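Me: I'd like to go through the two ligand sites here and ask what the wording rests on. Can you take me through them?
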Amino acid sequence: MKFIQNYIDGKFVESARQFAHVNPADGSVVAQVSEADSSMVDAAVLSARKSLRRDWGRFGVRERVALLHKVADAIESRFDCFVAAEVADTGKPISLASKLDVPRAAANFRVFADLIKTAGMESFHTETPDGKSALNYAVRKPLGVVGIITPWNLPLLLLTWKVAPALACGNAVVVKPSEETPGTATLLAEAMQQAGVPDGVYNLVHGFGPNSAGEFLTRHPDVNAVTFTGESQTGAAIMRTVAASVKPVSFELGGKNAAIVFADCEFEDAVNGIAQAVFLNTGQVCLCAERVYVERPIFERFVEALKGKAESLRIGSPLDVATEMGPLISAQHREKVLSYYRLAQEEGATTITGGGVPHFESSLGNGFYVQPTIYTGLAESARSVKEEIFGPVCHIAPFESEEEAVQMANDTKYGLAASIWTSNLRRGHRVAQQMNVGITWVNCWFLRDLRTPFGGVGLSGIGREGGMHSLNFYSELNNICIRL
Ligand code: NAD
Ligand code: 6OD
């Protein structure tokens with residue numbers, strides 16, 4: 001049995017309480033994880049604070065940049081260990097962890113290192129009506145101690161997406177990964193040690209949300225800012241907690257994303273792209289499309305083609321390189337997804353494919369698998385069309401006009417991402433600009449440039465991260481005005 005520990009002030013530390021880490025592919029307990037109590041969260045925050053007063057606080061940008069590249073080197077030098085830990089954490093196919101999560105973790109450190117190196121600051125030469133003259137320039141300073149709370153779906157990618165810019169800006173961090181996925185964050189602590197990151201700069205506490213490490217961290221008076229990725233309702237709870245101390249927050253929350261497929265699309269590209277957008281990572285990507293709107297003339301053909309894609313997905317062991325779809329993260333999450341499968345039936349859906357649980361003779365039968373599922377025929381007001389399911393499932397509805405497609409796509413309390421599929425680029429631009437979301441893709445999906453703004457509107461979040469947006473969130477600006 002493996003033991004997964006907290007990492008505080010450069011040391012791996014155990015706690016009195018432990019919880020089990022379960023393999024989603026077969027339901028077996030694979031590790032015991034130390035749950036940090038409130039005194040350990042205090043120690044982590046104190047250690048982060050002290051690091052700002054020691055070497056780390058005196059590091060210049062050049063030294064921080066060099067160190068972040070060393071962290072990326074350390075991740076790459078242990079590539080296979082990170083892939084194994086990501087697969088053990090999530091049950092995602094090894095091919096996906098190798099192509100997406102681990103390379104992105106290293107890229108997050110490199111991109112934000114390079115960005116802070118070249119980022120300039122604003123300056124203004126000011127002349128007042130009464131003849132005074134001044135030079136204004138802003139300087140960037142760290143926020144201090146940043147609390148980072150992350151979910152289980154892309155645990156390493158999303159953690160490093162926040163840790164890298166936070167460290168680039170000179171902060172020290174205390175991270176609380178999801179209780180479902182403790183492995184890669186712990187391996188990242190080893191990579192930090194290997195890279196020579198000073199003690200206290202990266203602290204890791206394991207545990208749950210309410211009345212556990214997550215809440216202790218967000219409630220902590222000596223944490224200067226909180227950045228969170230997860231469910232919208234959790235974001236609301238964290239917002240209530242941090243309100244008392246008026247901390248800056250960045251929230252990347254849930255979605256109920258739409259895809260709009262016009263009859264003039266490149267049909268094969270659109271089918272392949274939407275299959276990715278619906279089923280990647282077993283539908284557990286916040287950007288996944290759960291609502292697909294298809295222009296009437298190609299509706300039947302599109303539904304048939306996506307059904308073919310869903311039914312040809314190789315579902316199986318995450319360790320098999322041929323596997324394309326793994327299990328959901330947990331028994332509890334599977335029950336949630338299956339409850340939506342039942343709800344869709346009750347709400348009058350036509351099941352095009354799936355709707356249940358695949359059968360396995362092997363130990364995978366104890367895993368948390370569901371079938372990739374497509375529904376049609378639901379009213380737009382149905383709960384299963386309105387609420388985030390976070391599984392390999394979509395509802396496909398026909399539309400008659402561009403205006404109707406835009407109206408249906410925007411009829412949601414969420415607003416994270418959308419994709420538009422058309423060979424008419426003028427229409428692509430026009431429709432994209434009407435999407436009430438933070439991220440719109442045209443003829444692609446989840447094609448990322450880390451310098452671009454990332455975030456959502458409505459229930460999908462507050463603020464933007466990515467590129468300069470991350471640097472601006474993770475720093476305080478001090479404007480200096482010099483009378484000339
Ligand atoms: P979750 O909100 O249940 O948990 C996320 C993290 O918050 C976990 O570490 C959890 O322990 C912690 N937490 C829970 N309650 C807390 C509390 N009261 N105080 C402090 N911490 C608390 O989310 P999840 O189930 O892990 O992830 C899935 C959700 O995340 C989906 O809704 C998905 O859309 C969303 N998500 C959004 C993005 C994005 O970029 N917008 C990215 C990935 C996932
Ligand atoms: O690609 C990213 O930077 C990012 N934040 C992806 C989020 C995916 C949500 O599950």
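Me: What makes the pair between Arg 448 and ligand 2 a polar contact?

Reply: First, the ground rules: this is a predicted model, where local features need pLDDT of at least 70, side-chain atom pairs count only at pLDDT 80 or more, and totals for chains, interfaces and linings use all residues. Residues are numbered from 1 along each chain as its sequence is written, chains are lettered from A and ligands numbered from 1 in the order in which they are written, and side-chain values use heavy atoms, with hydrogens and water left out. Now the pair: a polar contact is a pair of N or O atoms within 3.5 Å. A polar side-chain atom of Arg 448 is 2.7 Å from an oxygen atom of ligand 2, so the pair qualifies. Asn 153 also puts a polar side-chain atom 2.7 Å from an oxygen of this ligand, and Cys 286 uses a backbone N or O atom at 2.8 Å.

Me: How do you know how much of ligand 2 the protein covers?

Reply: Accessible areas come from the Shrake-Rupley method with a 1.4 Å probe. On its own ligand 2 has 300 Å² of accessible area, and the protein covers 99% of that.

Me: Why is the space taken by ligand 2 called a cavity, while ligand 1 is said to sit in a pocket?

Reply: On a 1 Å grid over the protein atoms alone, a cavity is a set of points where a 1.4 Å probe fits but cannot get out; a pocket is an open set with protein on both sides within 12 Å along at least five of seven lines. A molecule sits in one if more than half of its atoms lie within 2 Å of its grid points. Ligand 2 takes up the largest cavity, and ligand 1 sits in the largest pocket.

Me: What makes Leu 253 a polar contact of ligand 1?

Reply: The backbone does it: a polar backbone atom of Leu 253 is 2.6 Å from a nitrogen atom of ligand 1. The protein buries 92% of the 850 Å² that ligand 1 exposes when taken alone.

Note on methods: A polar contact is a pair of N or O atoms within 3.5 Å; within protein, one must be able to donate a hydrogen and the other to accept it, and residues adjacent in sequence count only if both atoms are side-chain atoms. On a 1 Å grid over the protein atoms alone, a cavity is a set of points where a 1.4 Å probe fits but cannot get out, and a pocket is an open set with protein on both sides within 12 Å along at least five of seven lines; lining residues have an atom within 4 Å of a point.
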